[in-house]
Amino acid sequence: MEKLNETKHLILERGALDSNISREEAEILVNALESNWAVLLEEIGLWIPSEITINEHDDIPEGEEESEEDILPGRPVPPECHAELHTDYDGAAVRWGLTFHKESAADCCQACLDQAKNARPGEKRCNIWVYCPAEMGCHSPDIYQHKNQECWLKYAEKPKINFKDKYSDSYRNSHPTAPFIVPWVSGVISA
C-alpha cells in the first residue's frame, strides 16, 4: 500500500511517472488506490483481520523454565534407570560406547540392566550407563570424537561424577571446544 501511495503522489505531481506508464494507466492506478480495498477484498473472499491474537498453551510448572536441552529424545526412561540430564559418570567400561550405539537413553539403560543380569561370575556388572543424545555428538576430554547415540556401559564400586550440568570456566579455558552444558545423560543403577 505504501508503494502504491508513493506512486499516486508521483502521478498527481507529474501527470505521469515516466515513459514506462501511460497517462491512462496512471489514472487507473489512481482510481484503484482510491478504492475501498477492505470491501473489495471481502467481496472476493479474502479477509485479513487487523489484529491476530495467539494464545499458547503453557504446561510448564510455575517458576520453572523449559529448555530444548532438557528434552530427551526417544521413549521415556524408566525410573529404575535414575536418568540424570547433563551428567557424565566415570567408571570402567563394561561395554565400549564408541562401537555400541542405542536408539535412546532408555535403550542404553536397558542394555546396562541386561548386561548386569547376564554377566558371568567374576565379570564386572554394569551399574552406570552414559548416553549421548546430542545430534552433533558429545564432548569428552579424551582423544575420541563421541557420536550421537553412543551408549557406554560402565562399572564403579563407588560411582563418581566426571561432569554435571555445566562445564566450569576453568575447564572451558583449558578445553576451548567444550560446550557450556554437559551434553551426556547418565544414570546409576542400584544393585
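Residues are numbered from 1 along each chain as its sequence is written, and side-chain values use heavy atoms, with hydrogens and water left out. As the model is predicted, local features need pLDDT of at least 70 and side-chain atom pairs count only at pLDDT 80 or more, while totals for chains, interfaces and linings use all residues.

Helices (H or I, at least four residues) and strands (E, at least two) are DSSP runs, numbered from the N terminus. Two strands pair if DSSP finds at least two bridges between them. Strand E4 covers residues 128–131. E4 is joined by four bridges to strand E5 (residues 151–155), and the two run antiparallel. In this pairing, tyrosine 131 stands opposite cysteine 151 of E5. Four bridges also join E4 to strand E7 (residues 185–188), again antiparallel. Here valine 130 faces serine 186 of E7 as its opposite residue.

Burial is defined by relative accessible area: buried is under 20%, exposed is over 50%, and partly exposed is in between (1.4 Å probe, protein chains only). In a regular strand the side chains alternate between the two faces of the sheet. Both faces of E4 are covered. Ile128 and Val130 are buried on one side, Trp129 and Tyr131 on the other.

A disulfide is a pair of cysteine sulfur atoms within 2.5 Å. By this rule the model holds four disulfides. With bonded cysteines counted along the chain, their pattern is 1-3, 2-8, 4-5, 6-7.

Cysteine 81 is joined to cysteine 109 at an S to S distance of 1.9 Å. The link is left-handed, with -95° about the S-S bond. Cysteine 81 lies in the loop between helix H3 (37–43) and strand E1 (83–85), and cysteine 109 lies in helix H4 (residues 105–118), so the pair ties together parts that are 28 residues apart in sequence. Cysteine 81 counts as buried because its relative accessibility is 1%. Cysteine 109 is buried as well, at 0%.

The sulfur atoms of cysteine 112 and cysteine 126 are 1.9 Å apart in a further disulfide. This link is left-handed, with -105° about the S-S bond. Cysteine 112 sits in helix H4 and cysteine 126 in the loop between H4 and E4, so parts 14 residues apart in sequence are tied together. Both cysteine 112 and cysteine 126 are buried.

In the disulfide of cysteine 132 and cysteine 138, the sulfur atoms are 2.1 Å apart. This link is right-handed, with 95° about the S-S bond. Cysteine 132 is buried, with a relative accessible area of 0%. Cysteine 138 is buried at 5%.

Rings of Phe, Tyr and Trp (its six-membered ring) pair if their centres lie within 6.5 Å; planes under 30 degrees apart count as stacked, over 60 as edge-to-face and the rest as tilted. The structure holds five aromatic pairs. One of them is the edge-to-face pair of phenylalanine 163 and tyrosine 167, at 4.9 Å centre to centre with 65° between the planes. Phenylalanine 163 counts as buried because its relative accessibility is 17%. Tyrosine 167 is buried at 4%. Trp96, Tyr144 and Trp152 form one aromatic cluster.

A charge sits over a ring if NZ of Lys or CZ of Arg is within 6 Å of the ring centre and within 35 degrees of the ring normal. Arginine 172 lies over the face of phenylalanine 180, at 3.8 Å from the ring centre.

Histidine 146 is placed in the loop between E4 and E5. Histidine 146 counts as buried because its relative accessibility is 6%. Its side chain makes a polar contact with the side chain of aspartate 142, at 2.9 Å. A polar contact is a pair of N or O atoms within 3.5 Å; within protein, one must be able to donate a hydrogen and the other to accept it, and residues adjacent in sequence count only if both atoms are side-chain atoms. Contact means heavy atoms within 4.5 Å. Neighbours within four places in sequence aside, histidine 146 is in contact with Leu98, Gly137, Cys138, Ser140, Trp152 and Trp184.

Most residues other than glycine have a negative phi. Glutamine 149, in the loop between E4 and E5, has a positive phi near 75°. Glutamine 149 is partly exposed, at 22% relative accessibility. Aspartate 165 has a positive phi of about 65°. Aspartate 165 lies in the loop between strand E6 (161–164) and helix H5 (169–174), and is partly exposed at 41% relative accessibility.
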